[in-house]
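User: I would like to learn how to read contacts, helix packing and sheet pairing from a set of coordinates. Could we go through them one at a time?

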Amino acid sequence: MYPRLQLLHQLLHSEGAIFISIDDNEVAALRWIMDEIFGPQNFVATIIWQKMDSPKNTAIHLSEDHDYILLYARNAERWRPGRLPRNEKMIARYKNPDDDPRGKWLLSDLAARNFYAAGRYAITTPSGKVIEGPPAGSYWRVSRERFDELDRDNRIWWGSSGKNRPGIKRFLTEVRDGVVPKTLWPWQEVGSTRNAKQEFSQLMEAKASSDIFITPKPTRLIERILQLTADKSSIILDSFAGSGTTGHAVMKLNAADGGNRKFILVEMEENIARNITAERLKRVINGYGDTPGLGGGFRFATLGTPLFDERGQISGEVRFADLARHVYFSETGEPQPKTTNGKSPLIGVCGRTAYYLLFNGILGDKSVSGGNILTEKTLHQLPAHPLGAGNPRVIFGEGCRFGPARLEREGIAFRQLPYEIRVS
């Protein structure tokens with residue numbers, strides 16, 4: 001986990017967040033790792049996902065009904081969660097018993113437990129009853145002056161008899177879009193493991209009693225995560241793709257709201273990646289059984305030859321073109337131009353700087369002995385700077401025969417292979 005989390009931290013957007021599902025056995029260890037990599041100040045919350053929709057009667061001690069989802073932000077000072085949409089049940093709580101022209105409203109308690117210096121005063125109800133103050137251990141949440149303003153604006157509800165303890169009317173038309181997310185996620189809202197298996201089995205048209213994937217996540221769970229942290233154009237990365245629930249959830253949200261979210265799924269087991277993850281996404285896109293497809297698409301890619309071996313040396317199987325793409329991107333942060341000649345040591349220009357790679361002796365259409373060393377001979381064989389002499393050049397090679405003064409005179413910054421290749 002540690003090296004992968006380090007990489008994910010580097011890839012995460014400055015205003016992004018990471019959600020990690022974990023059980024009781026490893027949650028404490030994961031917190032230590034996350035605090036070290038992301039910083040304890042960027043811990044946001046521990047979410048409780050009720051994964052079981054019924055007790056596990058075979059449990060030896062207690063039925064473990066939940067998992068944890070650790071939430072860390074890249075920068076907690078800047079990251080803010082999205083609000084969750086109100087469901088029909090929430091909206092149904094709003095009524096309008098007094099036919100207020102502003103529409104339906106929900107009664108909010110006037111009393112609160114937080115200390116408020118101006119929140120202790122007597123209130124006289126319309127019936128003449130005097131309420132000496134808020135309930136014990138609480139305070140009115142508004143000052144006397146503000147209370148009188150609300151009352152004049154017919155925003156205080158005294159009950160149909162006019163004798164009740166007052167409450168504040170919160171109009172549906174005035175509340176903010178969505179509701180504040182909570183840390184307790186019941187299975188009725190985000191699905192259970194049973195729901196996930198049923199959903200996955202139907203999608204894959206699995207035969208009865210077959211377990212083609214044991215631990216899928218419900219799409220509603222991932223949709224909830226996406227609602228909190230992803231806008232309509234976000235890129236979502238799942239480095240433990242498994243059954244492909246994240247890709248499925250992204251496509252569902254895009255179909256629902258017309259978004260253009262993109263996903264990157266990483267699965268290390270090739271059999272799972274091809275036969276489960278990719279197959280699920282194909283069925284979601286094209287349809288399955290009587291369920292119509294959501295449309296969209298994805299590209300299936302496999303990892304190429306590792307650039308470096310366990311000793312940090314360039315692998316003997318690496319091709320010039322592969323190393324050139326990596327060097328150019330790691331130096332510039334941009335993909336290598338498609339117009340670049342794969343047989344030229346000039347691997348691209350960014351800004352006014354030209355980048356060269358001396359590798360496998362490639363100096364043109366053929367390999368040249370000693371071509372990996374920057375010498376007088378190889379310097380004269382290098383392609384000219386496309387923007388003209390005097391512009392800066394960065395040259396990667398195994399060695400250099402020039403001293404600092406000569407390099408400065410030529411406008412060259414030399415980087416030695418493999419030690420000065422950036423790996424992140």
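Analyst: Contact here means heavy atoms within 4.5 Å. Please keep in mind throughout that this is a predicted model.

User: With that cut-off, which residues is S143 in contact with, leaving aside its neighbours within four places in sequence?

Analyst: Once those neighbours are set aside, S143 touches Y116, A118 and Y121. S143 itself lies in the loop that runs between β8 (139-140) and α4 (144-152).

User: Does S143 count as buried or exposed?

Analyst: The cut-off for buried is under 20% relative accessible area, and S143 counts as buried because its relative accessibility is 15%.

User: How should I read the packing of two helices?

Analyst: Two packed helices are described by the angle between their axes and by the distance between those axes. In this model, α1 (residues 2-11) packs with α2 (residues 27-38) at about 40 degrees, and their axes are 10 Å apart; that angle makes α1 oblique to α2. The crossing of the two helices, α1 and α2, is right-handed. On α1 the contact is made by Y2, L5, Q6 and H9, and on α2 by L30, I33, M34, E36, I37 and F38; by class, these are seven nonpolar, two polar and one charged residues.

User: And how do I read a sheet?

Analyst: Strands of a sheet pair through backbone hydrogen bonds, either parallel or antiparallel. Here four strands form an open sheet with mixed pairing, in the order β1-β3-β2-β11, and the edge strands, each pairing on one side only, are β1 (17-22) and β11 (184-185). Strands β1 and β3 (residues 66-73) run antiparallel and are joined by six bridges, and the bridge partner of S21 in β3 is I69.

How values were computed
Residues numbered from 1 in each chain as written. Predicted model: local features only at pLDDT ≥ 70, side-chain atom pairs only at ≥ 80, totals over all residues. Heavy atoms only, no water. Axes fitted to C-alpha atoms, helices over the stretch in contact; angles between N-to-C directions. Parallel < 35°, antiparallel > 145°, perpendicular 65-115°, else oblique. Left-handed = near helix turned anticlockwise from the far one by under 90°. Nonpolar A, V, L, I, M, F, W, Y, C, P; charged D, E, K, R; others polar. Pairing = 2+ DSSP bridges. Buried < 20%, exposed > 50% of the residue type's maximum accessible area, 1.4 Å probe, protein only.
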